[in-house]
Amino acid sequence: MTPDQMEAGAERLEALAVRRAAQQQGDSGGRSASYARAAVPGEVDVTHGRILYLEDVHVSFDGFKAINGLSLDIAPGELRCIIGPNGAGKTTMMDIITGKTRPDRGTVFFGSTIDLLRHNEPEIAQLGIGRKFQKPTVFENLTVFENLELALKTHKGVRHSMFFRLDSAQKDRLAEVLHTIHLADAVRRMAGVLSHGQKQWLEIGMLLMQEPKLLLLDEPVAGMTDEETVRTAELFLRLKGQHSLMVVEHDMSFIAAISEKVTVLCDGAVLAEGPLAQVQADERVVEVYLGR
Ligand SMILES: Nc1ncnc2c1ncn2[C@@H]1O[C@H](COP(=O)(O)OP(=O)(O)O)[C@@H](O)[C@H]1O
Ligand SMILES: [Mg+2]
C-alpha cells in the first residue's frame, strides 16, 4: 500500500465519521470498548513468568456451577490451547478474564500486579487484553483499510475521530498488520465481500492494531475452509512470542498444528494439562469426550 492510498483511506474515513456521528450517539456498547487502544502503555509485570493467573475461580448461574475451582496460568508469549466438551465453561472463563462476568470468588491476575477483578470490561481491554468472539463482527460497509483504522480510534469519541489522522508509526503498524493477516491485496475491498475466513482474519487484525499483550480467541477456525484453517494456524504461530494467546477450539487438526501445551476443561475446572498427545492419552479425557 502506498502512502497516497493511506491518505485517501484516511480522508474517506473522515467523511464517514461525520455521517456516523449521529448514529453513534449513545452507542457505548462493550463491543466497541473491546477495540479501545491501550491508553497506558505501561508494561505488565511478568517477572514471575505469568501473564495470566487464575486461581480457584468459581461462578454459578442460578445455582449451576459453570466455573468450579478453575486454576490455570499462562506464560508470556505462550500459545495456549483450551479444549473441552460443550458446556465445560470455556467461554465463561473468557467472560471472566475480560470482565464481562464477575466470579463469585477466586483470583484473576494480569501479570503479577494487576487484579483484573478490580477492573471493568473497557479498562481490561485498555490494559492490553483483546478478545475475538466466535462470530466475526467487522463493519461490512467499510473497506479492510477503514476497519483497521477504526480499530485505532473507536473509543476516542466522534469529535476526535473527525480529525483523526494516522501518524507514521500507525501507518507502519497498519501495513504490517495487513500483511500478517493475509489481506494486503484486499485493502480496498469492502469487508462485506470477504470470505468468512478473511473476515475472521480482519477482526484479528483489528485486535492487533491495538497491540494487545494477551489475545483470547474463541473458536477462531469454526466455519473456515481447510486452506483458511491452515493459514490461520500459520498466523497464530507467527503471533506467539510477540503476544500471549489463549485459543479455544474444537478442531483437533488445528490444535495439533499449533499446540504446545493444551488445557482440557471439564465441568468448570481443569481436567488435564500438557502436550496434546499426553492429554489425548489421558483416560479421564477420553471418557469425557466419549461419554457425552
Ligand atoms: N449467562 C449465563 N446464564 C446461565 N447459564 C450460563 C450462562 N453462561 C453460561 N452458562 C452455562 O454455563 C455452562 C458453561 O457454558 P460455556 O462457558 O458457554 O461453555 P463452553 O464455552 O465450554 O461450551 C453451560 O452449561 C452454560 O449453559
Ligand atoms: Mg463456548
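Two residues are taken to be in contact, or to touch, if their C-beta atoms, placed from the backbone, lie within 7 Å.

1. Basis of the note. This is a predicted model, in which local features need pLDDT of at least 70 and side-chain atom pairs count only at pLDDT 80 or more, while totals for chains, interfaces and linings use all residues. Residues are numbered from 1 along each chain as its sequence is written, and chains are lettered from A and ligands numbered from 1 in the order in which they are written.

2. Confidence. The average pLDDT (the predictor's confidence in each residue, from 0 to 100) is 86 for the protein, and 81% of the residues score at least 70. Over residues 16-41 the pLDDT stays under 50, and the model has 39 contacts beyond four places in sequence for this stretch. Where pLDDT is low, the predicted coordinates should not be read in detail.

3. Overall content. There are 12 helices and 10 strands in the protein; helices (H or I, at least four residues) and strands (E, at least two) are DSSP runs, numbered from the N terminus. Of its 292 residues, 41% count as buried. Here a residue is buried if 20 or more other C-beta atoms lie within 10 Å of its own, exposed if 12 or fewer, and partly exposed in between, with C-beta atoms placed from the backbone. Among contacts with a separation of 6 or more, 71% join residues 24 or more positions apart.

4. Lys240. This residue sits in the loop between α9 (226-239) and β8 (244-248). Leaving aside residues up to four places away in sequence, Lys240 touches Gly77, Glu78, Leu79 and Leu245. Lys240 counts as partly exposed because it has 17 C-beta neighbours inside 10 Å. Its C-alpha atom is separated by 9.8 Å from that of Leu214, 26 residues apart along the chain.

5. Strand β7. All 5 of the 5 residues of β7 (residues 214-218) are buried, so the strand is largely enclosed by the rest of the structure. Both faces are covered: Leu214, Leu216 and Asp218 are buried on one side, and Leu215 and Leu217 on the other. In a regular strand the side chains alternate between the two faces of the sheet.

6. Neighbours of β7. Two strands pair if DSSP finds at least two bridges between them. Strand β6 (residues 129-132) runs parallel to β7 and is joined to it by 4 bridges, with Arg131 opposite Leu216. Strand β8 also runs parallel to β7, through 5 bridges; Val247 in β8 is the bridge partner of Leu217.

7. The antiparallel sheet. An open sheet of 4 strands has the order β2-β1-β4-β5, with antiparallel pairing. Its edge strands are β2 (64-74) and β5 (114-115), each pairing on one side only. Between β1 (residues 52-61) and β4 (residues 105-110) there are 5 bridges in the antiparallel sense, and Leu52 stands opposite Phe110 in β4. Helix α3 packs on the sheet, touching β1, β2 and β4, and its direction makes about 65° with that of β2 (axes are lines fitted to C-alpha atoms, for helices over the stretch in contact, and angles run from 0 to 180 degrees between N-to-C directions).

8. Helix α3. Since 7 of the 8 residues of α3 are buried, the helix is largely enclosed by the rest of the structure. The buried residues are Lys90, Thr92, Met93, Met94, Asp95, Ile96 and Ile97. Just after α3, Gly99 takes a positive phi of about 85°.

9. Ligand 1. Which residues surround ligand 1? They are Phe61, Ala66, Gly84, Asn86, Gly87, Ala88, Gly89, Lys90, Thr91 and Thr92; a residue is near a molecule if its C-beta atom, placed from the backbone, lies within 6 Å of it. Helix α3 (residues 90-97) supplies the largest share of this shell, 3 residues. By class the shell has 3 nonpolar, 6 polar and 1 charged residues, where Ala, Val, Leu, Ile, Met, Phe, Trp, Tyr, Cys and Pro count as nonpolar, Asp, Glu, Lys and Arg as charged, and the others, Gly among them, as polar.

10. Backbone points to check. Most residues other than glycine have a negative phi. Asp56, in strand β1, has a positive phi near 50°, and counts as partly exposed with 13 C-beta neighbours inside 10 Å. His182 lies in the loop between α7 (168-180) and α8 (196-208) and has a positive phi of about 60°. With 18 C-beta neighbours inside 10 Å, His182 counts as partly exposed.
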